[in-house]
Amino acid sequence: MDRREFLKRAAALGIGGAALLVPRSVRSVFAAARSHPGLAAVRGGEPGEMFDRGVAALGGMGRFVKKGQTVVIKPNMAWDVPPEGGANTNPALVERIVKRCLEAGASKVYAFDHTCDLWRRSYKNSGVEDAVRRAGGVAAPADSGGYYQKVSIAGGKVLKEVSVHELLLECDVFINVPVLKHHGGAGITMGMKNLMGTVWNRGEFHSKGLHQCIADISLFRRPQLTVIDAYRMMSRNGPRGTSPGDLRVLKAQILSTDIVAADTAAARIFGADPANVAYIRSAAGMGVGTMDLEALGVERIAL
Amino acid sequence: MPSDKKSSGKKKRTLGKARNILSLAVFFLFLAFFLFRAGGTASPLLPGIQAVPAAFRWWGGAAVFAVSALFAGRVYCSFLCPLGTFQEAAWRLGKQPRTGYLPGSPLRFLVLALVLVSGALGISIVPALLDPYAAFGRGAVQLLRPAAAGGINALSDFLEGRGIYGLLPHVSRIPFVPVLFWGTAAFFLLLAVWSVRRGRPFCDALCPVGTFLGLFSASPLVSVRFSGDRCTGCGSCERSCPQNCISLKERRIDADRCVLCLRCIEACPGGELSLAFAGKTESLARRGLLRSAAGGAAALAVMFWSRKKVSSATSSASSPDDRLPVSPPGSGSHGNFTKRCVACMACAAACPAGIIRPSLGEWGARGLFQPVLDYEKGYCQYSCNACGKACPTGAIIPLLLEEKQRTSIGKARFLRRNCIVRIYGTACGACSEHCPTQAMHMVPFRGGLTIPELDPSLCLGCGACENVCPAEPKAAIVSGIPVHGKIRETRDGDGGATVAPLEEFPF
């Protein structure tokens with residue numbers, strides 16, 4: 001780092017740090033004053049076109065991905081269940097996101113998930129691996145401890161140390177692409193719960209208290225963009241599903257720069273009160289993001 | 001006639017070479033089968049050409065092999081048996097001074113009788129231990145597979161370290177059982193040493209398959225013969241024979257021991273030995289023929305009888321906490337499985353989850369090594385039926401995926417006293433999360449929490465709940481069931497997904 005760059009960085013840090021000192025109400029005024037809303041909700045289209053419309057409303061792909069950057073996309077492809085089963089993120093959505101990242105100049109786009117079922121079968125049968133490859137991305141494995149590095153979570157209440165996938169540590173841009181589902185343990189799974197797939201010791205989440213661990217991991221690295229797939233929503237028997245009767249075809253999508261806001265909106269789509277979802281409440285309390293959608297600015301798009 | 005001699009020399013070399021290439025090709029096919037194949041597309045075609053699995057699957061399988069022996073003697077031994085090729089390779093590489101003729105050991109008849117009787121009585125440990133194919137399978141899976149997997153995974157790590165993902169995926173490891181590893185290592189080491197000194201000693205002195213085929217090989221249609229006028233008495237044939245079954249003094253080849261390796265024909269400088277058809281004039285050795293006929297008929301009768309009475313007797317094995325072992329999906333019942341399994345580990349090699357491991361007493365002493373499902377490192381994958389497709393004996397019958405997804409191989413129990421939700425009052429649901437049928441489902445508990453509840457009529461016994469349960473000791477455990485069943489039909493999926501476009505945004 002030469003001197004000029006050092007100065008630039010120091011200045012940037014100073015401004016960033018100062019921004020944190022500004023009260024939230026003032027910050028939200030700034031947010032509202034920006035030309036882009038913090039959250040876009042889209043319905044009525046196919047996954048790819050809904051993404052295009054939503055991301056355009058948020059300021060376009062160029063806002064998130066700059067030339068030469070490496071991108072990690074974290075879909076849910078944890079289950080050996082075909083796309084029509086709704087247990088994994090819609091492959092068409094993932095394919096479109098990978099494509100748009102590369103068009104925006106990304107040098108490399110990775111997608112991975114620490115799967116629940118066997119990883120080879122889950123990557124393949126979810127259709128996501130093929131979708132990533134078709135679009136020119138790399139479906140990276142996450143099936144052994146060797147890919148993960150131990151990091152500490154500053155501010156984590158229960159989860160102080162966690163082993164995180166190395167690609168997440170190395171990437172410039174992190175895009176979180178979960179699917180909205182019922183979840184027997186957590187109630188609903190969406191943006192923050194999806195981050196469990198970036199962690200090796202995911203079993204600990206269950207033994208240490210699932211909700212607080214989900215809130216803690218979302219402190220570690222906040223995605224620049226969270227895209228919640230609610231094209232097919234699993235309304236019961238989640239997160240794996242047992243039959244097509246568990247699904248509701250909603251053709252909806254939530255995009256947000258704020259993971260807590262994204263989950264807040266998705267919980268409402270699910271039909272739940274976000275304030276009753278413990279991890280959303282915790283994360284908002286810890287300052288990961290906001291549950292106040294209006295302050296963030298919402299653009300509603302019906303296709 | 002120098003030209004004639006030259007062409008016959010070339011012919012016999014070609015024949016010997018062809019046989020070498022063929023048996024090595026089969027050997028490596030089997031090795032690859034056990035080392036690299038993992039799940040999905042497997043078919044039992046390859047192990048199906050093995051004698052003991054064929055006989056276990058269908059008594060007529062033994063008859064087919066018997067008929068093959070009537071035509072060409074023990075051709076199976078030199079062409080198809082991977083353990084035979086292993087011994088011969090050790091012998092060739094060892095380069096020890098060769099012995100001459102040795103009389104056949106009567107021990108082999110005893111071994112065959114023992115195998116047949118215990119096989120008929122359902123004591124499968126005896127045929128399982130002595131079947132050369134199964135012994136080879138256990139050797140490959142126990143000894144070489146860990147190294148092969150380690151090698152592949154190291155290479156995979158190397159590539160991924162350079163950003164090359166997905167070219168060579170990691171392979172799953174089979175549970176490592178130290179006793180078995182060292183036991184198998186000792187067996188193969190001893191066999192290799194013995195082979196260096198004796199050629200194919202297992203084939204000659206122990207192998208029940210070889211002895212069985214030998215019963216039908218007293219006078220096969222095609223065999224290696226002395227032609228009569230070109231022998232110089234040099235002894236090359238005796239020294240080239242891995243079965244030590246050529247007597248130069250008596251100018252005789254023990255047909256029931258000869259495996260048709262063709263080495264003697266290759267070694268004979270004068271062209272005295274050749275592969276020939278039985279002539280019409282040739283008188284059959286009466287004593288040998290009688291012995292063959294009687295022995296062969298008895299052996300086939302025993303096999304026929306034993307196949308008729310496949311019992312569904314329940315397993316006698318029980319562990320302290322009353323948990324029965326789990327047999328693979330498609331095995332039908334513990335009775336069928338333990339009776340038909342030769343413990344070749346083809347299913348273990350095929351299982352993508354790596355949860356099939358050899359048993360050490362779970363099936364009792366008579367079922368030693370026969371596989372069990374071990375849910376410690378993984379669980380039976382809902383959309384997989386690879387083990388049934390790999391099994392050559394019929395111990396595991398291939399199930400269609402729809403069938404497999406309704407087949408119950410065990411029963412879970414939920415031990416509420418161990419559950420995280422009850423003990424710590426925090427949310428968990430890992431078991432229900434992984435349960436493919438929602439037999440384990442979450443019901444309301446105090447303070448807005450949910451706690452698992454089990455519907456046994458939906459439980460497949462796949463072990464997902466036990467495997468992922470974070471509690472210590474586990475709150476979900478699975479026990480095998482002696483006779484596999486079907487889970488209850490559920491109807492709620494019939495209508496398909498509800499299409500419910502949002503009228504407006506609920507925020």
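User: Over residues 38–42 of chain B, where pLDDT stays under 50, how many contacts beyond four places in sequence does the model have?

Analyst: The model is predicted, and pLDDT is the predictor's confidence in each residue, from 0 to 100. Where pLDDT is low, the predicted coordinates should not be read in detail. With contact meaning heavy atoms within 4.5 Å, the count for residues 38–42 of chain B beyond four places in sequence is ten.

User: What is the mean pLDDT of chain B?

Analyst: In chain B, 87% of residues reach 70 or more. Residues 1–5 of chain B lie below 50, and this stretch has one contact beyond near neighbours in sequence. The mean pLDDT of chain B is 85.

User: Which conventions apply to the model and its numbering?

Analyst: Residues are numbered from 1 along each chain as its sequence is written, while chains are lettered from A and ligands numbered from 1 in the order in which they are written. In this predicted model local features need pLDDT of at least 70, side-chain atom pairs count only at pLDDT 80 or more, and totals for chains, interfaces and linings use all residues; side-chain values use heavy atoms, with hydrogens and water left out. The model scores pTM 0.86 and ipTM 0.84.

User: What distance separates the centres of the two domains of chain B?

Analyst: Domain bounds come from an automatic or database domain assignment. Domain 1 of chain B comprises 2–35 + 67–115 + 193–304, and domain 2 comprises 334–498. Taken over C-alpha atoms, their centres are separated by 48 Å.

User: How much area do chain B and chain A bury between them?

Analyst: Buried area is the accessible area (1.4 Å probe) that two parts lose on being put together, summed over both. In the interface, 42 residues of chain B are in contact with 56 residues of chain A. Of the buried area, 58% is on carbon and sulfur atoms, and the total is about 3900 Å².

User: Which residues of chain B lose the most area to chain A?

Analyst: Three residues together account for 21% of what the chain B side buries. They are Y165(B), E433(B) and F507(B).

User: How many salt bridges does the rule find across the interface of chain B and chain A?

Analyst: A salt bridge is a side-chain nitrogen of Lys or Arg within 4 Å of a carboxyl oxygen of Asp or Glu. Over all chains, the whole structure holds 30 salt bridges, including D52(A) with R96(A) at 2.5 Å, N to O. Across the interface of chain B and chain A, the number is zero.
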